[in-house]
Amino acid sequence: MIVYLIKEKDEIQIHEINSGQERRFLALYGDKILLVGNCVPEVLRRFNELPVVLCNGS
């Protein structure tokens with residue numbers, strides 16, 4: 001199983017995908033993938049390690 005973290009509209013979503021579903025998932029969400037991992041805790045840990053960048057709009 002592969003775990004994907006994607007950004008869909010205003011949400012961050014976690015999807016657990018079986019190898020048989022991967023091709024279809026990538027066709028639908030390939031441009032929205034933020035992180036990939038082997039399990040949910042790994043993906044959440046990697047997400048937590050990302051730097052935070054604050055933008056003030058200018």
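1. A residue is called buried when its relative accessible area is under 20%, exposed when that area is over 50%, and partly exposed in between (1.4 Å probe, protein chains only). By this scale Leu50 is partly exposed, with a relative accessible area of 41%. Leu50 is found in the segment after helix 2.

2. The model is predicted: local features need pLDDT of at least 70 and side-chain atom pairs count only at pLDDT 80 or more, while totals for chains, interfaces and linings use all residues. Residues are numbered from 1 along each chain as its sequence is written, and side-chain values use heavy atoms, with hydrogens and water left out.

3. Helices (H or I, at least four residues) and strands (E, at least two) are DSSP runs, numbered from the N terminus; two strands pair if DSSP finds at least two bridges between them. Three strands form an open sheet in the order 2-1-3, with antiparallel pairing. Strand 2 (11-17) and strand 3 (33-37) stand at the edges with a single partner strand each, so one side of each is left without a neighbour in the sheet. Neighbouring strands of this sheet are turned by 20 degrees against each other on average, direction ignored. Axes are lines fitted to C-alpha atoms, for helices over the stretch in contact, and angles run from 0 to 180 degrees between N-to-C directions.

4. Strand 1 and strand 2 pair in the antiparallel sense over seven bridges, and Lys7 has Ile12 in strand 2 as its bridge partner. These two strands form a hairpin with two residues between them, and Lys9 in the turn has a positive phi of about 55 degrees.

5. Strand 1 (residues 2-8) also pairs with strand 3, in the antiparallel sense, over four bridges. Leu5 stands opposite Leu35 in strand 3, and Ile6 stands opposite Ile33 in strand 3. Five of the seven residues of strand 1 are buried, and the strand is thus mostly covered.

6. Contact means heavy atoms within 4.5 Å. Helix 1 (residues 22-29) lies across strand 1, strand 2 and strand 3 and runs at about 20 degrees to strand 1. Helix 2 (residues 40-49) lies across strand 1, strand 2 and strand 3, running at about 130 degrees to strand 3.

7. Ile12, Leu34, Phe47 and Leu50 make a nonpolar surface patch of about 350 Å². Patches are made of residues with over 30% relative accessible area and no salt bridge, like charges being joined within 9 Å and nonpolar side chains (Val, Leu, Ile, Met, Phe, Trp, Tyr) within 5 Å. Accessible areas come from the Shrake-Rupley method with a 1.4 Å probe; for residues, only the protein chains shown count as cover. A salt bridge is a side-chain nitrogen of Lys or Arg within 4 Å of a carboxyl oxygen of Asp or Glu.
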